[in-house]
Amino acid sequence: MAAGYAWFLVLGSVFLCNLIKSLLSSISSFLSKMVQKDAEQESEMRAEVQDMKKEQASISMMDEFARYARLERKINKMTDKLKTHVKSRTAQQAKMKWVVNIVFYILQAALMISLIWKYYSDPVTVVPSRWIAPVERLVAFPTGVAGGVGITCWLVVCNKVVTLGLHAVS
Amino acid sequence: MESAEASEEKTGSLSSAQRRAEIRRRKLLMNSEDRMNRIVGFAKNESENDVGASLRPTEHGFHLDLERTEPWSSSSSSQRPSPFLPEASALGSRSHSATPERRGSPLPDYSEPPGGSLEDDLGGLRQRPRGERASDDVSGSPRRGLQKYLSRFDDAMKLRGQLANEKPPQDGGSEPEEFDPFRIFRLIGSILLAIFVRAFVCKYLSIFAPFLTLELAYMGLSKYFPKVEKKTQTTVLTAALLLSGIPAEVINRSMDTYRRMGDVFADLCVYFFTFILSNEILLLIGLETP
């Protein structure tokens with residue numbers, strides 16, 4: 001028959017999955033920052049471009065056109081380099097996000113399948129069947145135990161409640 | 001002396017010329033992006049017009065021939081490229097948030113026609129053929145079909161723009177549920193009722209009977225709460241339904257019904273969860289025997 005705390009185990013699993021789902025973007029950005037090696041290079045390039053622009057602003061174009069033009073070319077070159085760098089970084093971030101999402105969904109599916117497999121024939125909790133009439137069969141699916149709460153019904157209910165709770169908190 | 005004055009004037013004029021040249025150059029550099037956008041928009045409009053013009057002969061050749069042989073005035077025929085001239089002139093005044101597709105739209109419904117000249121041209125473009133329709137029934141249905149196609153195309157472009165402007169969904173993939181006061185009231189009511197039912201009522205009747213009563217009460221109470229206008233999101237599904245010909249009113253009503261069903265389902269889940277949780281807590285404390 002039903003284990004004493006099966007309902008709590010299912011509730012905890014659903015809560016954990018939803019919590020991690022809400023933190024997926026933070027996790028993927030954290031992992032991409034860890035993996036990325038040349039993060040400082042980008043900030044250095046930005047600072048360099050800023051300095052060159054400041055220098056250019058201080059130069060009079062008419063008086064020192066050659067220097068102005070040289071600086072302009074350097075700025076353009078550095079900006080193009082920076083753009084390429086940013087592009088590769090965002091592509092890497094997108095890839096990391098995709099990988100993290102895939103891994104999470106696989107793990108979640110595995111957890112749900114294992115829970116359903118474990119509690120396929122045992123209800124997570126049992127109440128008198130007249131309490132949950134006339135839908136006792138639907139609630140008890142797939143256990144078939146009179147008055148039992150089946151894993152599927154409990155999973156759906158917990159998922160909805162946890163989603164509402166997390167949304168209210170966030 | 002005179003030569004010195006002349007040279008001074010010359011250098012002064014040179015520097016002023018240089019100054020003007022410099023101002024022109026800076027203006028060109030600053031506006032280069034705007035000019036490029038206009039050019040790209042202009043080029044896109046032309047290419048769309050060319051595509052449309054090339055499509056029409058292939059699909060409705062005889063219909064197009066009829067249009068061309070109709071006695072259009074020289075002003076209207078010369079105004080054939082005019083949709084783009086007023087477009088180009090109005091671009092400076094119009095905001096740049098409009099998409100190039102909308103700018104190039106040949107139909108008056110979704111663009112901002114400058115001064116109504118575009119509408120007149122297109123009205124003439126459409127109305128004149130209508131006058132001739134009585135004489136030629138064969139071309140009536142293809143013409144209507146073409147107009148329907150064009151209107152659907154414009155609907156599709158507009159919906160595409162709306163979809164692009166819509167906020168992207170959250171990473172979880174589920175729709176964000178908004179907590180308005182009535183929704184919070186419903187949820188709290190469900191929780192309280194579940195606790196009350198577990199404590200006093202469940203021994204006598206099914207737990208779903210009080211829940212149904214509660215939902216009926218909510219239906220009556222909903223009018224006393226401030227109605228929050230929920231913005232209908234343009235999703236791919238609603239866009240596909242709109243394009244397939246289903247009226248927007250029907251879609252809105254269906255979405256509203258679906259939303260209400262979702263609210264009832266959420267209430268049921270919270271109610272049942274609270275009931276089971278309170279039952280388990282009572283069993284744990286030992287106040288009730290299983």
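**A close look at one helix**

B:Pro181 lies in helix 9 of chain B, where helices are DSSP runs of H or I with at least four residues, numbered from the N terminus. The model is predicted, so local features need a pLDDT of at least 70 and side-chain atom pairs count only at pLDDT 80 or more, while totals for chains, interfaces and linings use all residues. Residues are numbered from 1 along each chain as its sequence is written, chains are lettered from A and ligands numbered from 1 in the order in which they are written, and side-chain values use heavy atoms, with hydrogens and water left out.

B:Pro181 has a relative accessible area of 45% and is partly exposed; under 20% counts as buried, over 50% as exposed and anything in between as partly exposed (1.4 Å probe, protein chains only). Between the C-alpha atoms of B:Pro181 and B:Pro226 there are 8.0 Å, although these residues are 45 residues apart along the chain.

B:Ser190 also belongs to helix 9 of chain B. With a relative accessible area of 0%, B:Ser190 is buried. Contact means heavy atoms within 4.5 Å. Not counting residues up to four places away in sequence, B:Ser190 touches B:Leu214, B:Tyr218, B:Asp267, B:Val270 and B:Tyr271.

Aromatic rings come next. Rings of Phe, Tyr and Trp (its six-membered ring) pair if their centres lie within 6.5 Å; planes under 30 degrees apart are stacked, over 60 edge-to-face and the rest tilted. Twelve aromatic pairs are counted over all chains. In chain A, the centres of the A:Trp7 and A:Phe8 rings are 5.8 Å apart and their planes stand at 75 degrees, so this pair is edge-to-face. A:Trp7 counts as buried at 9% relative accessibility, whereas A:Phe8 counts as exposed at 52%. In chain B, B:Phe185 and B:Tyr218 form an edge-to-face pair, with 5.8 Å from centre to centre and 65 degrees between the planes. Because B:Phe185 lies in helix 9 of chain B and B:Tyr218 in helix 10 of chain B, the pair ties together parts 33 residues apart in sequence. B:Phe185 is partly exposed at 36% relative accessibility, but B:Tyr218 is buried at 3%.

The largest one has 45 residues, and A:Trp154, B:Ile207 and B:Phe272 touch the most other members. At least two residues each come from helices 1 (6-22), 4 (65-118) and 6 (151-169) of chain A and from helices 9 (181-201), 10 (208-221) and 12 (248-285) of chain B. Helix 6 of chain A gives the largest share, ten residues. Leaving aside neighbours within four places in sequence, the contacts of B:Phe272 include A:Ile132, A:Val139, A:Cys153 and B:Ile207.

Finally, the two chains meet through 28 residues from chain B and 29 residues from chain A. Together they bury about 2600 Å², 72% of it on carbon and sulfur atoms; buried area is the accessible area (1.4 Å probe) lost on putting two parts together, summed over both. Zero salt bridges are found across this interface, a salt bridge being a side-chain nitrogen of Lys or Arg within 4 Å of a carboxyl oxygen of Asp or Glu.

Note on methods
Core = buried A, V, L, I, M, F, W, Y, C linked by side-chain atoms within 4.5 Å.
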